[in-house]
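Please open the model in a viewer and keep the selection panel at hand.

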Amino acid sequence: MADTPNTPLLPLIIDISKLDVQIAGLQAQLKQIETERKNRAQAISALELKKDARAKLLAEKRALSSREEKGIKVERDRINERRRALSTLNNYKLQQAAEREIDFVSKQIGQREELLLGLMREVETLDKDSKEIEATVSGLQGELVAFEAASQETAQGVQTRLQELQAERAKQAQLVGNNQVLTLYSRVAARFPSDPVVDVVNRDGCSGCHMKLGPQVAVQIARGDVVKCIGCGRILKLPAE
Ligand SMILES: [Zn+2]
């Protein structure tokens, strides 16, 4: 096929620009799916970290609590032993002194038991918290699995469509066959990804930036030439009637 200067390139460029908008939309959709998946996974890992921290604290408090319980039991046994031994003391003064000491130690043990009770309540609360977090994590994991299954199907559909559009775009670009025009289009599309090609309004105005273009521009466009707006640099087309 002869490369004539009259080959109307504008319609091809318009097609490419439409394909590009669709391609960008699908790519954004894929990105959104991926972003949501990541956000969900991140929320789960954050909760898992929290869960691990709770579990560690819980283990520490439990160990402390059981140590303290044993310690108190030993003290209790010892004091009971001494209480039993009281009767063997035949000296009244010695007996009195021993009783006072026993009372004193008993009070101390009582205080330790109060603290132990507080610790046990703390363990209980932590345990309840941990279980709640665990339930939340497993709920979120279930939701993530469901989301991944559903979005995988969507993503596959989008990918297929994307490949079709990209193949179509490659075909159109080949039809243009003019690298200068394609490069020009790429530059414009990079600057104005959503509307690289805009309508001429009222025969000589750019609808992108409202610049007056002069009467000659509409003639060039009608011929199929690729014309840039002198104001914003977008490619111009006549409005579809
Ligand atoms: Zn313009």
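How many disulfides does a search of the whole structure find? The search finds 0 disulfides, a disulfide being a pair of cysteine sulfur atoms within 2.5 Å. This is a predicted model, in which local features need pLDDT of at least 70 and side-chain atom pairs count only at pLDDT 80 or more, while totals for chains, interfaces and linings use all residues. Residues are numbered from 1 along each chain as its sequence is written, and side-chain values use heavy atoms, with hydrogens and water left out.

Select C206: this residue is buried, with a relative accessible area of 0%. Next select C209, which is partly exposed at 29% relative accessibility. Here buried means under 20% relative accessible area, exposed over 50%, and partly exposed in between (1.4 Å probe, protein chains only). Colouring by burial extends the view: buried residues form 29% of the 241 residues in the protein.

Now switch to a cartoon. The protein has 4 helices and 3 strands, taken as DSSP runs (helices H or I, at least four residues; strands E, at least two) and numbered from the N terminus. From that end, the order of elements is α-α-α-β-β-α-β. The protein is more spread out than a compact globule, because its radius of gyration is 41 Å, well over the 18 Å that the globule rule gives for 241 residues. That radius is taken over C-alpha atoms, and the rule is 2.2 Å times the number of residues to the power 0.38.
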